[in-house]
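Please look over the sequence and the structure before reading on.

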Amino acid sequence: MLHLYYHPFAAFCQKALIALYENDVPHEKRLIDLTDADDCARLEALWPMIKFPVLVDDTRGVTLPETSVIIEYLQLHHPGSTPLIPQDADAAIRVRLLDRVFDNYISLSLTKIVVDTFRPAGQEDAIGVAQARETIVRAYGFVEENVSPGGWAAGEAFSLADCAAAPALFYANTAVPFAAFPKIVAYYARLMARPSVARVVEEARPHRHLFPLPWPPEYD
Ligand SMILES: N[C@@H](CCC(=O)N[C@@H](CS)C(=O)NCC(=O)O)C(=O)O
């Protein structure tokens, strides 16, 4: 049995859930509340970085953090009708590149912006936040040039890169709107219509009060 330690509102947890839902991989969810000391200790015992999600496959005795690695593992040991890593090696490199762009330059930059709002007054990092905003805009430019018109982030097939893209764009758009990037706007609409993505958005909806930035009206 697979167990996913997660929280439904966390962007990286949503990335792993999209992969699980895409292929109807049976799994059991274990909710982690990072404000709860016991939950933090449970997570730390699995992954000393205290980040989620973490996937545990107790049949194979494997514990895995890091969403891109988790999805590679799912593809290897729990494949389904949606291959999330292409068989063609060059296509797979392209998928992994786009996955890195969404994680490293969009999701993590958005985290920087959000976490800054929780800092004590006078201790905000205005320069770091401005750099994070610039990084997101640069990444949007790269995605705009590379997204497949009518298709997905890294080609004609839905992949690991799209699992990363959906939560990255959903949350980043709140702070750095992508309205000026027409190919991203069209791609985002396709993403949100995908059943696996729509499901994680709905499952996260009851937790929206946790987010410190205003929601765009179209998210209602
Ligand atoms: N590179 C990691 C990032 C995981 C990550 O940053 N998860 C966030 C939730 S979206 C987290 O655990 N945040 C808790 C914290 O930083 O205290 C991955 O791909 O899984």
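This is a predicted model: local features need pLDDT of at least 70, side-chain atom pairs count only at pLDDT 80 or more; totals for chains, interfaces and linings use all residues.

Residues are numbered from 1 along each chain as its sequence is written, and side-chain values use heavy atoms, with hydrogens and water left out. The space taken by the ligand is the largest pocket.

**Ligand surroundings**

- Around the ligand are Ala 10, Ala 11, Phe 12, Leu 34, Lys 51, Phe 52, Glu 66 and Thr 67; a residue counts as near if one of its heavy atoms lies within 4 Å.
- By class, this shell has five nonpolar, one polar and two charged residues. Ala, Val, Leu, Ile, Met, Phe, Trp, Tyr, Cys and Pro count as nonpolar, Asp, Glu, Lys and Arg as charged, and the others, Gly among them, as polar.
- Lys 51 has a polar side-chain atom 2.5 Å from an oxygen atom of the ligand. A polar contact is a pair of N or O atoms within 3.5 Å.
- Glu 66 has a side-chain N or O atom 2.7 Å from a nitrogen atom of the ligand.
- Thr 67 places a polar side-chain atom 2.6 Å from an oxygen atom of the ligand.
- The ligand alone exposes 510 Å², and the protein buries 72% of that; these areas come from the Shrake-Rupley method with a 1.4 Å probe.

**Largest pocket**

- A pocket is found on a 1 Å grid over the protein atoms alone, as an open set of points with protein on both sides within 12 Å along at least five of seven lines. A molecule sits in it if more than half of its atoms lie within 2 Å of its grid points.
- About 1100 Å³ of space lies in the largest pocket; a volume is the space filled by probe spheres set on the points, which are joined across faces, edges and corners.
- Its lining has 35 residues, each with an atom within 4 Å of a point. Ala 10, Ala 11, Leu 34, Phe 52 and Thr 111 lie nearest the centre of the pocket.
- Helix 1 (11–22), helix 3 (67–77), helix 4 (89–117) and helix 6 each supply at least two lining residues. Helices (H or I, at least four residues) and strands (E, at least two) are DSSP runs, numbered from the N terminus.
- Helix 4 gives the largest share, nine residues.
- The lining divides into 23 nonpolar, seven polar and five charged residues.

**Largest cavity**

- A cavity is a set of points where a 1.4 Å probe fits but cannot get out.
- The whole structure has one cavity of 30 Å³ or more. The largest cavity holds about 40 Å³ of space.
- Its lining includes Phe 9, Gln 14, Tyr 171, Arg 208 and Trp 215.
- Helix 6 (160–175) and helix 8 (195–204) each give two or more residues to this lining. Helix 8 provides the largest share, three residues.
- Seven nonpolar, one polar and two charged residues make up the cavity lining.

**Backbone details**

- Phe 52 and Pro 53 are joined by a cis peptide bond, with omega about 15 degrees. Pro 53 is in the loop between helix 2 (37–46) and strand 3 (54–57).
- Asp 24, a residue other than glycine, has a positive phi near 50 degrees. Asp 24 lies in the loop between helix 1 and strand 2 (28–31).

Technical notes: A polar contact is a pair of N or O atoms within 3.5 Å; within protein, one must be able to donate a hydrogen and the other to accept it, and residues adjacent in sequence count only if both atoms are side-chain atoms.
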